[in-house]
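Dear colleague,

Please find below the structure that I am handing over to you. My notes on what was found in it follow.

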Amino acid sequence: MRPCDRRVPDGIVVAAPLVRREAPAGRVTLVHQPSLQTVPQGVTPVVMLDIASWRPRVAAVDVEHHARALEAGSVLVLPRLAFGIEADETRFLDVRWSDGKAKNISLEGQAIKGARGAADDLAALARMVGRFAADATALVGALFPRYAAHLLRARTSYRPFGAAGRAVSWRKDDTRLHVDAFPSRPNRGERILRVFCNVNPNGEDRVWRVGETFEAMARRLLPHVRSMYAGESAALAALHVTKGPRSEYDHLMLGLHDRAKADVDYQHGSAQREIRFAPGTTWICYSDQVMHAASSGQFMLEQTTHLPLSALYEPERSPLAVLERITGRELVRRNAT
Ligand SMILES: [Fe+2]
């Protein structure tokens, strides 16, 4: 289960890229390319894990290796880990199940949202998405046992629409490089860990661009993010714009999200690389840390999990720690975390 990787001088793990290869039955499979992809210095690393179970047994040495790679801002790619869609669930791989209003279909607790259909169908759809939630949660727990007791499972989303081509504002345009930050849900430095799986039935890859490391991005863009106004946090909470007070950390993360998306020169000119996730591929990253953009692809499942900094191996690599180092001040009141 060791990733196919090497250590480069700055300690960043890089991995062999995915390569599509025709199997005898005409099916496309993924293999590790023997030679290493040339990765621009300072760009998000990719680490491939040869794991084909949602509940793998992982050696202790590998557990720490994978966790440290993840916390360093890598994308962990599991090209042999497909989500099992039952025969009678393939009908859900269709945009007609969307209610046409929400961007995604989502499961929060037992409630399926953003979907339309007969009650029986929606219950079956909820079971499918719920099974992915259970699988993704089990995977994170098995890969990172140290995290298990601290995981806070959040929304599970099923994304039937194509990643590109939707008419959205630049701020909501996820085809632009960004880190995840939520305007209405301040997290005060808590991590956003996401598990994704491409379930496209037509052989279509999910394609991402990933950008430079979080610290490089923050050092470049933070000078362009305005400071919080006096009383801004209390006003947003009082007006119910946010659920709870927005910390300065949350403010800066939103500012970085917006600044990166709004800056066309940054989008095209910053260091970046493309990653193609074939159908049947699962991948994991801290999406509050990895600069990412969904270029194309359709039909994906995603599980969001939150994690306190205290659960990390290296909290000093977290976005909160990086931003506090750059700004030289506390960005979250510690008694509020
Ligand atoms: Fe995102």
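Strands here are DSSP runs of E with at least two residues, helices are runs of H or I with at least four, and both are numbered from the N terminus. The model is a predicted one, in which local features need pLDDT of at least 70, side-chain atom pairs count only at pLDDT 80 or more, and totals for chains, interfaces and linings use all residues. Residues are numbered from 1 along each chain as its sequence is written.

β11 pairs with two strands (pairing requires that DSSP finds at least two bridges between them). With strand β12 (residues 273–277) the sense is antiparallel, over five bridges, and I275 of β12 is the bridge partner of W208. With strand β14 (residues 292–296) the pairing is also antiparallel, over four bridges; here V207 has S296 as its bridge partner.

Finally, helix α8 (residues 319–327) has the buried residues P319, L320, V322 and L323 (buried: 20 or more other C-beta atoms within 10 Å of a residue's own). Seen down the axis of α8, these fall within an arc of 165 degrees, so they line one face of the helix. The arc is that of the directions from the helix axis to the C-beta atoms. Their cover includes α4 (214–221) and α6 (248–262).

Yours sincerely

Notes:
A residue is buried if 20 or more other C-beta atoms lie within 10 Å of its own, exposed if 12 or fewer, and partly exposed in between; C-beta atoms are placed from the backbone. Two residues are in contact if their C-beta atoms, placed from the backbone, lie within 7 Å.
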